Amino acid sequence: QVQLVESGGGLVQAGGSLRLSCAASGSIFDANGVGWFRQAGKQREWVARILDDGTTTYADSVKGRFTISRDNAKNTVYLQMNFLKPEDTAVYYCKKFSYPNWGKGTLVTVSS
């Protein structure tokens, strides 16, 4: 199965930006899309999704601040996060919707 590896997390001040990367060991293509999720407590929540044709959707909490994109040649999906807020603090994961496996995630911490 294709493995996904997240990177790019770190500590940033409120109002700052980070770009997360999700690199696939094989093809990043998935008929049901690739998504970013985050988990701050017990619940893992969906953040953004991109389909193979480039169509994107976002959770209301990040709409207008986060942008999901892809580089098919690099088998990588990105999450550009701007105007970060303390409530964006979480471990961020990427996932292909057609497969059950998760990566290890990357920690994003936003200080106030």
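**A buried position and its surroundings**

Mentor: V34 counts as buried because its relative accessible area is 0%. Buried means under 20% relative accessible area, exposed means over 50%, and partly exposed lies in between, with a 1.4 Å probe and protein chains only. The model is predicted, so local features need pLDDT of at least 70 and side-chain atom pairs count only at pLDDT 80 or more, while totals for chains, interfaces and linings use all residues. Residues are numbered from 1 along each chain as its sequence is written, and side-chain values use heavy atoms, with hydrogens and water left out.

V34 belongs to strand β4, which covers residues 34–39. Strands here are DSSP runs of E with at least two residues, and helices are runs of H or I with at least four residues; both are numbered from the N terminus. Leaving aside residues up to four places away in sequence, V34 touches I28, A48, R49, I50, I68, V77, K95, K96 and F97. A contact of this kind means heavy atoms within 4.5 Å. G9 is 25 residues from V34 along the chain, and the C-alpha atoms of the two are separated by 18 Å.

Next, the core. A nonpolar core is a set of buried Ala, Val, Leu, Ile, Met, Phe, Trp, Tyr and Cys residues joined through side-chain atoms within 4.5 Å. The largest one has 26 residues, and W36, L79, M81 and Y92 touch the most other members. Two or more residues come from each of β3 (18–24), β4, β5 (44–50), β7, β8, β9 and β10 (106–111). β3 gives the most, with four residues. Y92 has contacts with, among others, L20, W36, F66, L79, M81 and V108, not counting residues up to four places away in sequence.

Four strands make an open sheet in the order β1-β3-β8-β7, with antiparallel pairing. Its edge strands are β1 (4–7) and β7 (66–71), each of which pairs on one side only. Neighbouring strands of the sheet are turned by 15° against each other on average, direction ignored. That angle is taken between N-to-C directions on a scale from 0 to 180 degrees, using axes fitted to C-alpha atoms. Two strands count as paired if DSSP finds at least two bridges between them. Between β7 and β8 (residues 76–81), which run antiparallel, there are six bridges. The loop between β7 and β8 holds N75, which has a positive phi of about 50° although it is not a glycine.

Finally, the whole chain. The protein chain has zero helices and 10 strands. Its radius of gyration is 13 Å, close to the 13 Å that the globule rule gives for 112 residues, so the chain is as compact as a globular protein of that length. This radius is taken over C-alpha atoms, and the rule is 2.2 Å times the number of residues to the power 0.38. Of the 112 residues, 39% count as buried. Among contacts between residues at least 6 apart in sequence, 54% join residues at least 24 apart.
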